[in-house]
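Subject: Structure handover

Hello,

Here is the structure I promised you. Please open it alongside this note, and my findings follow below.

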Number of protein chains: 2
Amino acid sequence: MEPAIPEHLVTVRTRHRRVGAEYTPPYPCFVARHNPSVSQVVMAYFGLQFRPGRETAAAVPLAAIAQVFSEQDGPGHWDRARCTDEEGFVNVVSVAYWNDPARFQNWFAAHGAGWTENEPADAKLGFFTEILKPAVERYETLFSASDRAEGVAVIADGMSGMVREHAYWGGMRDRIPLSQTDAMEPAGAPRVVKERDRLRIIPQDNLCLIRSGQDWTDTEPEERRMYLEEVEPVLRSGMDFLRDEGLSCGCFANRYMQVIDVEGRPIEKSFGVSWWKSLSALERWSESHPTHVAIFGAAMKYLSSLGPAAKLRLYHEVTVAAADQQFFEYRNCHLKTGMLKAG
Amino acid sequence: MEPAIPEHLVTVRTRHRRVGAEYTPPYPCFVARHNPSVSQVVMAYFGLQFRPGRETAAAVPLAAIAQVFSEQDGPGHWDRARCTDEEGFVNVVSVAYWNDPARFQNWFAAHGAGWTENEPADAKLGFFTEILKPAVERYETLFSASDRAEGVAVIADGMSGMVREHAYWGGMRDRIPLSQTDAMEPAGAPRVVKERDRLRIIPQDNLCLIRSGQDWTDTEPEERRMYLEEVEPVLRSGMDFLRDEGLSCGCFANRYMQVIDVEGRPIEKSFGVSWWKSLSALERWSESHPTHVAIFGAAMKYLSSLGPAAKLRLYHEVTVAAADQQFFEYRNCHLKTGMLKAG
């Protein structure tokens with residue numbers, strides 16, 4: 001059993017962990033471990049938005065960005081997922097990760113900044129770029145199994161052993177190194193500004209992002225049926241609530257996404273990705289909102305009936321970003337897209 | 001909205017509240033307010049244990065203690081409740097509260113210490129006395145409505161207005177004044193020792209007691225049906241778990257009790273009363289054990305479907321007692337009675 005915060009990020013605490021020294025979690029979980037030389041990472045969401053039926057037109061920029069991801073200084077890892085949003089548009093998001101902001105900056109200047117220039121507006125394709133560049137003190141990961149990384153963990157050096165700080169409310173905060181000294185309370189409010197033909201966000205401080213994923217590729221038929229029939233509908237209902245009514249509890253935007261391969265075919269993975277006013281708002285929803293209490297109850301029932309035999313994999317990454325670590329740009333997207341709802 | 005910790009017990013914090021300054025609870029709750037002159041209270045559980053069928057013999061000591069409660073320096077409030085324990089014995093507990101430990105001491109010396117002397121062992125009546133004498137920094141209360149006090153709140157001066165620190169996991173701890181500076185971690189382990197014909201407990205530090213009650217006297221028929229059919233069975237199942245398997249999660253003992261009037265007739269109130277290794281252990285069970293997640297889910301569903309029209313009243317009191325604030329004595333009781341299970 002090891003602490004979730006790696007030794008090189010341990011500081012003199014001014015704030016306590018939520019659990020005492022005697023705490024041991026009831027089941028194993030793992031976190032991504034970066035080399036101590038990594039001080040900042042980049043999480044970049046390149047989104048494409050279009051009406052159903054325009055898949056052929058959409059294929060062009062999707063192929064283009066996949067190609068430039070492989071150029072010099074491209075991401076250490078990327079994947080792609082799809083959802084239909086509250087306005088009926090398809091959103092395909094290519095999510096890319098770097099462990100070196102300088103290399104990201106080189107790549108972005110050469111290939112990424114042009115994403116929102118891809119097509120003239122009349123092509124009826126919308127483009128958006130949502131980027132966080134958090135210091136490693138500002139995010140945490142959690143994995144139910146240590147042998148398959150997802151998201152930012154793929155660009156880490158590896159996985160920890162079993163960590164102590166999980167399976168209690170507040171573990172998420174306790175795993176973020178900055179929580180040793182900082183309440184990470186939000187400051188300010190996001191504002192939408194227009195620059196030429198696009199919309200940008202003037203950020204608030206301590207915005208929170210969660211990507212929380214499920215992977216049922218390894219499940220046997222009976223477990224797959226249980227997941228898809230008993231858990232997934234409850235999860236979807238909570239995701240729909242956050243998408244449609246999330247503002248009432250501090251969730252600016254939510255996308256419940258189906259992971260797809262490079263040909264656009266769904267694979268047996270999904271994730272929710274949501275933007276929050278604060279880590280506290282995410283904590284409150286997770287802990288006490290009926291929609292998440294239902295998700296938690298369904299997952300607990302599922303996992304306790306299967307025990308260690310469960311093949312479903314769960315993971316998440318949670319980031320609290322300073323204002324100067326955020327970049328949002330939207331072109332030709334409807335006004336309920338991503339952080340535009342926050343402004 | 002007011003803080004749960006009264007002004008005269010506010011200290012310079014070395015530990016933070018779990019929620020930030022922006023937090024506001026989604027529904028109202030209230031806490032008991034003592035006069036600032038009250039520095040310590042007494043919570044005394046006088047138990048009688050017997051096989052079903054021995055009610056006539058049991059009536060004698062029950063009448064006797066009810067009588068002495070009305071003597072000089074008797075409790076400011078008491079009530080009585082019954083349960084059947086895991087060994088099939090009936091336990092009738094008279095729960096009494098004082099807001100002045102000196103007056104309690106006078107009364108106890110004259111009338112209370114003799115409780116376990118009441119009957120010779122061969123009368124097949126068991127007697128136990130479980131007493132906490134916490135400083136006011138060491139407990140908290142919570143009420144869903146402010147117009148009917150229960151338990152220790154009856155001996156308080158009144159109720160607060162709506163308080164801030166509730167409806168989140170960790171609110172219980174945040175309402176205990178000592179949490180401003182102390183993690184209240186347990187130290188040591190309870191030990192059972194025999195003294196003449198009775199068993200006593202050498203206490204551990206920071207033992208935790210919760211009394212958590214329900215009052216459905218004011219419910220209309222449809223709400224009463226919902227409570228009794230949809231919530232109560234889930235609550236009972238969690239209470240049974242704590243009684244039978246609580247040691248696995250730090251619960252030494254649990255009694256799920258039906259409140260009775262002085263003639264022994266059930267009234268429409270119940271409470272669970274349980275002894276815990278630590279406040280942390282109680283937190284962990286409440287927040288994540290399937291049995292309590294189920295209770296929480298059932299209560300949330302019930303309350304959210306009824307809204308402010310709900311007439312069910314809920315309350316609790318939670319104490320973290322120092323070793324020198326505890327007294328336990330058992331005579332002629334079976335070895336699974338109360339804190340005997342802890343030793």
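Axes here are lines fitted to C-alpha atoms, for helices over the stretch in contact, and angles run from 0 to 180 degrees between N-to-C directions. Please keep in mind that this is a predicted model.

Helix packing first. Two packed helices are described by the angle between their axes and the distance between the axes. Helix H6 (residues 290–306) of chain A meets helix H6 (residues 290–306) of chain B, with axes that come within 10 Å and cross at roughly 145°. The crossing of H6(A) and H6(B) is left-handed. H6(A) brings A:Pro290, A:Val293, A:Phe296, A:Gly297 and A:Met300 to the contact. H6(B) brings B:Pro290, B:Val293, B:Phe296, B:Gly297 and B:Met300. Of these contact residues, 8 are nonpolar, 2 are polar and none is charged.

Next, the cysteines. B:Cys208 is buried, at 0% relative accessible area.

Last, the backbone. Most residues other than glycine have a negative phi. B:Ala167 has a positive phi, near 70°. B:Ala167 sits in the loop between strand E7 (158–159) and helix H3 (171–175) of chain B. B:Met184 also has a positive phi, about 55°. B:Met184 lies in the loop between H3 and strand E8 (191–195) of chain B. B:Met184 is buried, at 1% relative accessibility.

Best wishes

Key. Residues numbered from 1 in each chain as written. Chains lettered and ligands numbered in written order. Predicted model: local features only at pLDDT ≥ 70, side-chain atom pairs only at ≥ 80, totals over all residues. Heavy atoms only, no water. Helix = DSSP H or I, 4+ residues; strand = E, 2+ residues; numbered from the N terminus. Left-handed = near helix turned anticlockwise from the far one by under 90°. Contact = heavy atoms within 4.5 Å. Nonpolar A, V, L, I, M, F, W, Y, C, P; charged D, E, K, R; others polar. Buried < 20%, exposed > 50% of the residue type's maximum accessible area, 1.4 Å probe, protein only.
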